[in-house]
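Please walk through this fold with the model open beside the text.

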Amino acid sequence: MTTIHDVVLALDNLSGGRVNRSVPENPFSIWKDSGIHGKRVLESPGLVWGNPTRPVKKLAVAMTLSEHDIELAAATGVDAIVAHHPIADAASSGGVTLKNYLNLSGLAVLELHEAFHGLHPGIAFLHGHQVRYADIHYGGVEGNVLFVGTVFPEIKELGDILHRLDLFMGLEEEKELLKMEQEIRGSSSAIEASLVTQGRIVLGSRESTVKHVLHIFPHTGFSSDHLRQAKEQFPETDTVLASISRVRDDSELVREAKRMGLQFVIGNCHVLEILENGLPLAYALEKLLPDVEVVVFRERVTSIPVREMGGERIKEYAEKMAENYLVKKVNV
């Protein structure tokens with residue numbers, strides 16, 4: 001019989017001991033704090049909440065825990081959720097206390113974020129290059145990731161990188177899904193996150209040749225100073241490849257790359273990490289826990305103009321609540 005404790009052991013196994021709670025001050029237990037009052041959170045690999053002796057027959061892998069995941073798990077017989085991103089009271093549970101919410105369904109939750117990063121070369125592989133140098137705290141900044149890579153033989157132009165990503169991420173299928181949703185909802189203005197954030201070329205063209213890339217992740221703190229330092233270390237670099245987080249065309253990183261004569265490509269955004277990191281994690285857990293059914297919870301976020309959202313009855317309801325109870329309060 002597989003238990004929650006076995007899931008913890010599996011996470012410790014696949015991470016090479018990074019979930020080991022017997023180690024004082026586990027370096028992968030990290031406070032995330034940007035200085036916003038009251039919003040600091042400790043990410044701690046392993047079991048966040050749940051009875052370690054409870055049996056597990058069905059396990060879900062998710063990116064960011066929310067009430068959607070909790071409700072879906074409870075409705076479909078999931079015993080435990082392994083979330084990639086840190087779990088926090090209220091933020092991960094619809095504004096209510098996490099413990100009480102999870103106890104209603106006997107659900108256990110675990111997390112594996114920084115302790116999972118760097119375990120596989122998949123993100124570089126998906127973007128079409130072989131890593132020959134990696135640093136997960138570049139410039140002395142914790143979590144600031146830099147990959148230096150050489151593109152695969154089949155990648156000759158910048159357009160080849162984008163084409164490769166589109167194929168691996170199944171974006172044609174996402175386009176078809178969105179088209180069907182637009183038709184069913186009668187909302188031609190509906191858009192979907194993975195499509196409007198897909199890869200693009202900022203400096204260069206689809207026909208521009210590429211060989212040596214600096215693969216950066218701007219949200220981890222990679223700055224223009226770091227870019228200059230990396231170019232000095234690896235002068236053969238011809239292209240900056242940014243993924244997970246995106247940068248504006250007028251950002252200092254782009255301006256600095258242009259000054260140095262580098263091409264600049266934006267790859268996969270954060271919403272596709274469920275495929276980049278979530279899916280390998282799910283496959284690993286399936287192999288390590290053969291008696292457990294493993295499923296993947298994937299978020300799909302769409303944007304719909306307010307007047308096109310929902311059927312006629314819910315639109316009338318929203319209009320009535322706003323007009324009779326909410327707007328009046330503002331005007332008093």
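Six strands make up an open sheet in the order β7-β8-β11-β12-β13-β10, and the pairing is mixed. Its edges are β7 (129–135) and β10 (200–203), each of which pairs on one side only. From one strand to the next the twist averages 25°. This is a predicted model, in which local features need pLDDT of at least 70 and side-chain atom pairs count only at pLDDT 80 or more, while totals for chains, interfaces and linings use all residues. Residues are numbered from 1 along each chain as its sequence is written, and side-chain values use heavy atoms, with hydrogens and water left out. Helices (H or I, at least four residues) and strands (E, at least two) are DSSP runs numbered from the N terminus, and two strands pair if DSSP finds at least two bridges between them.

Within this sheet, strand β12 (residues 239–244) runs parallel to strand β13 (residues 263–269), and five bridges join them. Ala242 has Ile266 of β13 as its bridge partner. Helix α5 (residues 158–169) packs on the sheet, where it touches β10, β12 and β13, and its direction makes about 0° with that of β13. Contact here means heavy atoms within 4.5 Å. Axes are lines fitted to C-alpha atoms, for helices over the stretch in contact, and angles run from 0 to 180 degrees between N-to-C directions.

A second open sheet has five strands in the order β3-β6-β5-β4-β14, again with mixed pairing. Strands β3 (46–49) and β14 (293–296) are its edges, each pairing on one side only. On average, neighbouring strands of this sheet are turned by 30° against each other, direction ignored. Four bridges pair strand β4 (residues 58–62) with β14 in the parallel sense, and Lys58 has Glu293 of β14 as its bridge partner. Helix α1 packs on this sheet and touches β3, β4, β5 (80–83) and β6 (108–111); the direction of α1 makes about 10° with that of β6.

The helix α1 (residues 4–14) also packs with helix α10 (residues 273–288), at an angle of about 120° and with the axes 10 Å apart. That makes α1 oblique to α10, since angles under 35 degrees count as roughly parallel, over 145 as roughly antiparallel, 65 to 115 as roughly perpendicular and the rest as oblique. Ala10, Leu11, Asn13 and Leu14 of α1 meet Leu281, Ala284, Leu285 and Leu288 of α10 in this contact. By class, the contact has seven nonpolar, one polar and no charged residues. Ala, Val, Leu, Ile, Met, Phe, Trp, Tyr, Cys and Pro count as nonpolar, Asp, Glu, Lys and Arg as charged, and the others, Gly among them, as polar.

Another helix pair is α2 (residues 67–75) and α3 (residues 98–105), packed at an angle of about 20° with axes 9 Å apart. The two are therefore roughly parallel to each other. Glu67, Ile70, Glu71 and Ala74 of α2 make the contact with Leu98, Tyr101, Leu102 and Ser105 of α3. The classes in this contact are five nonpolar, one polar and two charged residues.

Side chains of opposite charge can pair when their charged atoms come close. Across the whole structure, a search finds 19 salt bridges (a side-chain nitrogen of Lys or Arg within 4 Å of a carboxyl oxygen of Asp or Glu).
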